[in-house]
Amino acid sequence: AGGLVLGTATTPLTTAQDFDVVLPALESLGQLSVNGNTVAKLDLPKLVSTGTVYINAAKLSVFNVPALKECTGDLTILSGTNASTGNKALAALGLSSLEKVTGSLSLQYLSELQLLELPKIASIGGNCTLTYLTQLKVLNMPELVHLGGAFTWNYLTAATTFAMPKVPSLASFSLSDSSSAAMLSSIDLSSLEKVRADFKIDTKFSSDRLELPALETIGGQFYLRHLSLIETLSIPRLTACENIYFYQLNLLPLDLSGVESLPKVELIACYKLAKVRVRKNALGDLSLNGGSRACDFTALEGAETISGKLSVSNYTQNDLITFPGIKSIGTYSQSGGKASGQTTVSFPDLEQVGTFQMSSCSYLKKLSAPKLTEVTDKWDTSYMQYVDEGDLELPLLRKIGVFKFWGGTYSGAASQMKLTGMADFAGVTEIGSVDIKYWGKMTDFSGLKNALPSLSAD
């Protein structure tokens, strides 16, 4: 069959008046391309198959293709390139017979679209992209079993229900809306097993539970943000995930014990998250951010080794930061605690750390690491103005690579420091290099005599 072309990809059709296109007997098209802001109606009631569909029409109010089963190219319906030029006339889009789109499906800038029917769609060869469908409440593709590319739905402001219950695999997945009005209540991805790149939900969600019962693999980032009502995340079959980023989730426990390797995990402002279950050697880089408000400090159940960097920040209301069970850390970095020396930092089982870094430790009351024997690379701390002799509990510490132990961070702050000697490091027998300064009251360096017999105040 031939094609129906009104306008070109770069030059829209212009007419003096709006008009309708009605072809009651047409069953097949090689191409359907409409670029024109005066096309008001496309009525093709017997069209069964077509090649590429491209419709860019700001005034289109009716697109009637009830018999359409197959599109052998991309299917694109949009208006302009942004929301301000979008279509404000099309309220319903019934694709009730559509079963297959060989290419990608793209619906964009249809700001009044309230009803989208895709009850039979089974296969989309490329991507599925929905953008600025800000009045659409329900998206349901109950028979979709193949989506070859990425699924993206942005600006889903009015959406309450999303369902793709039969899709087993996606290139990537994204639901995103920054509006305060957005509030999904239902997400059904019950057959999804594999996401080859990122899985992202960045929108409000009214349920207290998110279930991904079949999900086994996320090849990129697992990103959840602003799902502030969620208390339970069910991912019982997840075994592989490259990167986790959770922001403002009210999770109670979080079970990641099925995941064999966790190269990077960021848990930010998850205020109720008291426990994360992981495998003992699964963690690479881990970032815990308390969000500078009252919150539970997250216990790491099952973990023994953190091979990368453990970053702790903004726990400004916590008296105790502790890591029981952790025996080895690649790099430990902490900033922020409860003001005026009210935070104890404890590593009851830590034996070895590569780099130990705590900057601006004005929050520090006590540091306890009773089993620590070695800081292999660098000790780097500063501004311990509330720390006195005996507050650094390091009885088994024997080896430090580079030892940077500053009181203040400049000479004017040195007088604020309490510590007068190095007795808490008396067990150390080997140090690579030493940088001790800005301790205004420190006169006794004999605590380091076993490692540096000639060390003096000079």
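The following legends describe close-up views of a predicted model.

Residues are numbered from 1 along each chain as its sequence is written, and side-chain values use heavy atoms, with hydrogens and water left out. Because the model is predicted, local features need pLDDT of at least 70 and side-chain atom pairs count only at pLDDT 80 or more, whereas totals for chains, interfaces and linings use all residues.

View 1. C241 is buried, with a relative accessible area of 3%; buried denotes under 20% relative accessible area, exposed over 50%, and partly exposed the range in between (1.4 Å probe, protein chains only). C270 also counts as buried, at 7% relative accessibility.

**View 2. The aromatic pair F151 and F162.** Rings of Phe, Tyr and Trp (its six-membered ring) pair if their centres lie within 6.5 Å; planes under 30 degrees apart count as stacked, over 60 as edge-to-face and the rest as tilted. The whole structure holds 25 aromatic pairs. In the pair shown, the ring centres of F151 and F162 are 5.1 Å apart and the planes stand at 40°, so the pair is tilted. It links distant parts of the chain, with F151 in strand β17 (residues 151–154) and F162, 11 residues apart from it, in strand β18 (residues 161–163). Strands (E, at least two residues) and helices (H or I, at least four) are DSSP runs numbered from the N terminus. F151 is buried at a relative accessible area of 0%, and F162 is buried at 0%.

**View 3. The edge-to-face pair F347 and F356.** The ring centres of F347 and F356 are separated by 6.1 Å and their planes meet at 75°, so the pair is edge-to-face. F347 is buried at 1% relative accessibility, and F356 is buried with a relative accessible area of 3%. Both residues belong to one aromatic cluster, whose members include Y315, W379, F403 and W439.

View 4. A charge sits over a ring if NZ of Lys or CZ of Arg is within 6 Å of the ring centre and within 35 degrees of the ring normal. K200 lies over the face of Y223, 5.1 Å from the ring centre. R225 lies over the face of Y247, at 6.0 Å from the ring centre.

**View 5. A sheet of parallel strands.** The open sheet has 4 strands in the order β34-β36-β38-β40, with parallel pairing. Two strands pair if DSSP finds at least two bridges between them. The edge strands, each pairing on one side only, are β34 (320–322) and β40 (392–393). Strand β38 (residues 364–368) runs parallel to β40 and is joined to it by 2 bridges. L367 has L392 of β40 as its bridge partner.

**View 6. Surroundings of F222 in the nonpolar core.** A nonpolar core is a set of buried Ala, Val, Leu, Ile, Met, Phe, Trp, Tyr and Cys residues joined through side-chain atoms within 4.5 Å. F222 is one of the residues that touch the most other members among the 143 residues of the largest such core. Beyond its neighbours within four places in sequence, F222 is in contact (heavy atoms within 4.5 Å) with residues including F199, L212, L233, C241 and F246.
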